[in-house]
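Below is a walk through a few local features of one protein model.

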Amino acid sequence: MQWQAEGTTLAMYTHSSGCDLEVQFSCLPSPFPLGAQPAMKLTIIVPVYNERGTIAELLRRVCAAPFDKEILVFDDASTDGTLEELKNMGLRPDGIPLQVDGPQGQRNEIFLFARRRNKGKGAAVRDGIARASGDVVLIQDADLEYDPSEYSTLLQPILDGRADVVYGSRFTGTPRRVLLFWHAVGNHFLTFLSNMFTNLNLTDMETCYKAFRTEVVRGLRLRSNRFGIEPEITAKVARSGARIFEVSISYSGRSYLEGKKIGWQDGVVALWTILKYALVNDRRRPRTELLTLQRLEPLRRYQAWLYEHFVPYIGHVVLEVGAGVGNMTRHLRHAREIVATEVDPDCLRALRRGFRNDPRVVVEEFDLARELPTHWRARFETVLCCNVLEHVGDDVGALRTLAEALTEGGYLILLVPGMPSLYGELDRALGHQRRYSEQDIAGKLAAAGLKIEKIQWLNRVGALAWWVNSRLLRRRQFPYWQARINDWLVPWLKLEDRRARPWGLSLLVVARRAVLGGSASHEKDVHANRGRCEKPSEQEPV
C-alpha cells in the first residue's frame, strides 16, 4: 500500500480480490485556518469487528482530519476477512506503524493489533488508553456511522481549555439518519438512568464519540470488556470531577441488515453497569492526603460553614497557602485577586484545571518551609492557611513568612488541628507533625510578631469521631461516610458556635499584622478601608 500527499492524498492498495484500487481523499473543511492547526497529537482508538466493507474508507477519513494522529486499530478476531483487508492496506500486526501523510501535511501513524479471540469493544478501548501517547484520546467506531470530519468540533472545548472530556451527542444535532424508534427509546432510557446516578445532564451517554485529555482518561480504572464500557466511562468520569462538555454531531446510523451489532442483550449489560457503578466506587486510591481533600470536596455545606468564620477577615487581595484541590478557593468569589498555592503536584494540576478560566485566580507552586518570593512581601490583605502549619517542621518560621506577605493591618486566618491528646494514626498518615493547644499557637504567633484578634474551637462532634478512628481503631484513612456526616451536621455545628467550649477538632485563629508607627485610630482606619467581602448567602452556589 502506498499513501502519497500531492494536493489531495491518494491511497493505492491491492484489494483482496487482487485488483489495484486508487482512492482519493476528499479535502475536508476545517474551522482552523491552513497552517494554524493546534500543535497537539491525537490518539484515535478504533475497535474493529467484521467491518471489511467500511474499514478502508474509515481510515482514509480519519487520516484526512486536520491533526497529527496515532491511530490504534484493534481487530477483534474478525471472521469476515477484515484482518486480511487491513494487511492488504499495508498494516502490519507487529507493532511497526504505517506512516501516512494527511491532506495538509499532518502526520498519521497507523498501528494494527490483531486479537486471536474476541474480547469486545471495552477491552480494545482499555488497551488503547494504556498505549496512548497523544495529548487527547478519542474513540472511533469503524462502521462509518460517525464522521471524522467533525473531530475539530468535538475537540474545540478541550482546545479552548474549557473541558477535560467531550461527548458528541447524536440527538441534539443534524443531519442524522432516521432509523429504529425502539433503539432510540433504549438510548434515551439508559442516558436518563445514567444521569440519575451520576447527576449529569447528558443527552447521549451511549455515544461512541468521546474525547478525553489523556491524563484524565488514564486516571479512570476501567474494567468492562464489551459495550458496558460506555456507562462505566460515564460513571467514572462523573466521579473524577472532570469538566464535561457535550457538542452536537451528525449521525448516519445503520440498520441491522447493514451490519449493526448492538442488541437488547447489550442494553441489559449497560443497565447492570449503570447500577453497579452507582454503588461501587473502585477508582484508584490516591495518597492519603489527596484522598482526604477529595472526600471533603463534595461537603458543600460544611465548607460554607467554615467560610462563614473566615469571611469577616477576607480582603480583596488574598494569598491562600496550601489550597489543596480548591475546596476553599471556590468560596473566595468576592475577592479581586487570589493567589492559590500548593506544593503537591497532583493538587497543582487540579487547581490549574479547576481555575483555568477564572482570571482572578493565579495558581503558584509555593513551599511554606522556604523563603517568601520578594514580590509577595507586604502585598496581601489576607493570608488564608487551612490545615497546613501542622505539616511544617519550623512552624514559627513559617508564621514569620506568612506575616511578611501581609500588608499593614492585614489578617492571617489559620485553621489548625487542635488538642494534642487527639494525635494518633490518622495524624501520622496525613503527615501532621503536631496538634495545637490554645497556649501553644498563641505563643508561636506572638513570636512571629502577630497579634491575635480571635481564637475559637470548632467541631466538637468531629473531635469525638477523630479520637475513635485515630486512637481507638487506629485507622489511617477517615471513612467517606463519616466525612459526609459533617455535611449533615452543619445545623448542629452552628449551634455549637453559640456556646464556647475549650475543646474541638480544630482551632480557628485570626491574627493581625500591626500598623507600624500608627496610632489606634489609624489602625482602625486601615481596618475599615480594607474592603472586606460581603458575607455570602447560604443559598449561593458553591
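**Helix packing and loop backbone**

Helices H3 and H7 are oblique to each other. The model is predicted, and in it H3 spans residues 121-131 while H7 spans residues 229-240. Their axes lie 9 Å apart and meet at an angle of about 45°. Angles under 35 degrees would count as roughly parallel and those from 65 to 115 as roughly perpendicular, so the pair is classed as oblique.

On the H3 side, the contact is made by Lys121, Gly122, Val125 and Arg126. H7 contributes Ile229, Glu230 and Ile233. Sorted by class, the contact of H3 with H7 has 3 nonpolar, 3 charged and 1 polar residues.

The backbone of two loops comes next. Most residues other than glycine have a negative phi. Asn50 is not a glycine, yet its phi is positive, at about 55°. Asn50 sits in the loop that runs between strand E4 (41-48) and helix H1 (55-64). With a relative accessible area of 21%, Asn50 is partly exposed.

Met419 is likewise a residue other than glycine with a positive phi, here about 65°. The loop that holds Met419 lies between strand E16 (406-417) and helix H13 (425-430). Is Met419 buried or exposed? Its relative accessible area is 18%, and buried means under 20%, so Met419 counts as buried.

How values were computed: Residues are numbered from 1 along each chain as its sequence is written. This is a predicted model: local features need pLDDT of at least 70, side-chain atom pairs count only at pLDDT 80 or more; totals for chains, interfaces and linings use all residues. Side-chain values use heavy atoms; hydrogens and water are left out. Helices (H or I, at least four residues) and strands (E, at least two) are DSSP runs, numbered from the N terminus. Buried means under 20% relative accessible area, exposed over 50%, partly exposed in between (1.4 Å probe, protein chains only). Axes are lines fitted to C-alpha atoms, for helices over the stretch in contact, and angles run from 0 to 180 degrees between N-to-C directions. Angles under 35 degrees count as roughly parallel, over 145 as roughly antiparallel, 65 to 115 as roughly perpendicular and the rest as oblique. Contact means heavy atoms within 4.5 Å. Ala, Val, Leu, Ile, Met, Phe, Trp, Tyr, Cys and Pro count as nonpolar, Asp, Glu, Lys and Arg as charged, and the others, Gly among them, as polar.
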